[in-house]
Number of protein chains: 2
Amino acid sequence: MNWNTVSFDWNQARAFLVTAEEGSLSAAARSLRLTQPTLGRQVAALEERLGVTLFERVGRSLTLTQSGLDLLHHVRGMGEAAGRFSLAASGQSQTIEGHVSITATNMMATFHLPPVFKKIREMAPEIELEILASSEVRDLRRREADIAIRHGRPEHPELIAKLVGETTAHLYGASEHLDAVGRPMHPDDISDADFIGFGDPTEYLPYLTDIGLPLTRENFKTTTNSGTVILALMRQGFGLSMLTRQDADLAEGIEQVLPDLDPIPIPIWLVTHRELHTSRRIRLVFDLLAEELS
Amino acid sequence: MNWNTVSFDWNQARAFLVTAEEGSLSAAARSLRLTQPTLGRQVAALEERLGVTLFERVGRSLTLTQSGLDLLHHVRGMGEAAGRFSLAASGQSQTIEGHVSITATNMMATFHLPPVFKKIREMAPEIELEILASSEVRDLRRREADIAIRHGRPEHPELIAKLVGETTAHLYGASEHLDAVGRPMHPDDISDADFIGFGDPTEYLPYLTDIGLPLTRENFKTTTNSGTVILALMRQGFGLSMLTRQDADLAEGIEQVLPDLDPIPIPIWLVTHRELHTSRRIRLVFDLLAEELS
DNA sequence: TCCAATTCATGCATTTTTGTATATCAGAGG
DNA sequence: CCTCTGATATACAAAAATGCATGAATTGGA
């Protein structure tokens, strides 16, 4: 086998990739936890070695040359393979100590997870837990987290999901707000009410109409992707919202509306990457989460 | 973008790849022009970092663990991308100084190319020429050489080829041998003669029968992939062979047989990788070769 | 069985790489 | 017009990686 072609410094290729993608040496240095001079020198050394000018030093920033642009495609390939390697390696890791990151909604992370995390910490203190309370859905395929707690079944074949439980959502409003606009006594009373949506209302509107709420897209004057923001908005009188009972119980000044309504079931899925499920460490956390959330 | 997954040391991945492919740290070190302790430490550091045992140290050699085997696939991907990157970068290189490797048959390299190389050296002394006089056909796609001189048109779309000239092959024999077996006067006289084949005779046998030589596979009692070996064998009385006039003229004790036979045209193709043709340095050598060989 | 060759591991000196601190420069905004 | 922020480049010290020399162990063959 002829290894001449691959015997250049692969870290320099990495420096080139991240610098090009991030747009500056400084940003690349931050991403890789290196320093800007280091990245600068690695990129310069690569240019020297290849005999190709990759970046044009214009003013305060670097712009890719045409050659750099052409070559970037190839180091992207290296980077993607590196990512897959890293992912698979994490999955192969059988060490119990180390880092596990979990992502969940703000609400989940704030109101449900702390006791579970405490239990994990007691049972496996050598595991470093990172909690990404995030309103965005983290992309497990890009390894933005090791485990995700979601309320919908992920469809991607690379991911494995386990339905660990179910909570229920009910209709709530801030007491102060209800004092002002009046408490609805019948589902039909709320056809003109203001609602605060969690994410895109069209996704769950059918479930609301199914239980007899005469709502349309128009009722959702306000939407947010943050549960805590919903609570704040409710207290400010922006309207009503669906919340899980656990969330509502823990929040002040919130009361249930139309308690006789059927509750809306909210599934709780535990999701991880197929590759990661073989990791002893991640498996442990996954299983503990599954047990505790059931 | 999340670069955590790629922020491991890529050179360690390279060490893993080459060690696994070569089968030992020492061999990998030779391939990468590093030392065995360096490779050993890089692989150990990777194992440490990933928390995965890649190799089982058994006796004097390393064997891949199952994990290592699973992960090897991914670093192969990195390696392939690295190779493509390197190839493309060589093509982008606009520096005139540097290394260019040319492969040709022994005969070509011995008898035809030296004066051409001298000219290249005079015109571009800053180019380091490497001459791979090789009987095997080097694989340009694996970058075993930058430019190849071949006698057949390469069919691969990644390669670009230019027909730069044509030489002719004629029938020769060693004088001493002919003294012993007699000089044939008519093509039919050689139906029982021994022939020394260059490579696989079936590939060019049709050309020989076309010019009236009553030969079959059976006549080729001896074959070799080396032109110089053919000359040596001819002198040892192993039989007759087709040679180019230039080769035969430069060899002692060889004389033409049946000079009235039609010569067999032998095309001379200059071949390089599509990516490399954009390199100023390689382009220069390519063009000079094309000019001189015409 | 013993020898030669080849392997990986380790201690130490050297070389190389990296980080820190700093200088310089360009652009945005008051 | 000036300041402030954030960019790259550079000098020098610190840290890390590398190579060399060597040792120990194993294989293959005389």
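This is a predicted model: local features need pLDDT of at least 70, side-chain atom pairs count only at pLDDT 80 or more; totals for chains, interfaces and linings use all residues.
Residues are numbered from 1 along each chain as its sequence is written, and chains are lettered from A and ligands numbered from 1 in the order in which they are written. Local features need pLDDT of at least 70 and side-chain atom pairs count only at pLDDT 80 or more, while totals for chains, interfaces and linings use all residues; side-chain values use heavy atoms, with hydrogens and water left out.

**The two chains**

Chain B can be laid on chain A with an RMSD of 0.2 Å, by a turn of 179° and a shift of 0.1 Å along the axis. This is the relation of a two-fold axis. The superposition is by least squares on the C-alpha atoms of residues with pLDDT of at least 70 in both copies. In chain B, the C-alpha nearest the axis belongs to B:Met78, 2.3 Å from it. Both copies use the same surface: 100% of the contact residues of chain B recur in chain A.

Contact here means heavy atoms within 4.5 Å. By that rule, 49 residues of chain B are in contact with 49 residues of chain A. The chains bury about 4,200 Å² between them, 68% of it on carbon and sulfur atoms. Buried area is the accessible area (1.4 Å probe) that two parts lose on being put together, summed over both. B:Trp3, B:Trp10 and B:Phe85 supply 21% of the area that chain B buries against chain A, more than any other three residues.

On the side of chain B that touches chain A, H4(B) gives the most, with 17 residues. Helices are DSSP runs (H or I, at least four residues), numbered from the N terminus.

A residue is near a strand if one of its heavy atoms lies within 4 Å of it. Of the 19 residues around DNA strand D, A:Leu25, A:Ser26, A:Gln36, B:Thr35 and B:Thr38 come nearest. Sugar and phosphate make up 65% of the atoms of DNA strand D that come within 4 Å of the protein.

Sugar and phosphate account for 64% of the atoms of DNA strand C that come within 4 Å of the protein. Here the largest share of the surface, 4 residues, comes from H3(A).

| Residue | DNA atom | Distance |
|---|---|---|
| A:Ser26 | phosphate oxygen, DNA strand D | 2.5 Å |
| B:Thr35 | phosphate oxygen, DNA strand D | 2.9 Å |
| B:Gln42 | phosphate oxygen, DNA strand D | 3.0 Å |
| A:Thr35 | phosphate oxygen, DNA strand C | 3.0 Å |
| B:Ser26 | phosphate oxygen, DNA strand C | 2.5 Å |
| B:Gln36 | base nitrogen, DNA strand C | 2.9 Å |

Methods
A polar contact is a pair of N or O atoms within 3.5 Å; within protein, one must be able to donate a hydrogen and the other to accept it, and residues adjacent in sequence count only if both atoms are side-chain atoms. Helices (H or I, at least four residues) and strands (E, at least two) are DSSP runs, numbered from the N terminus.
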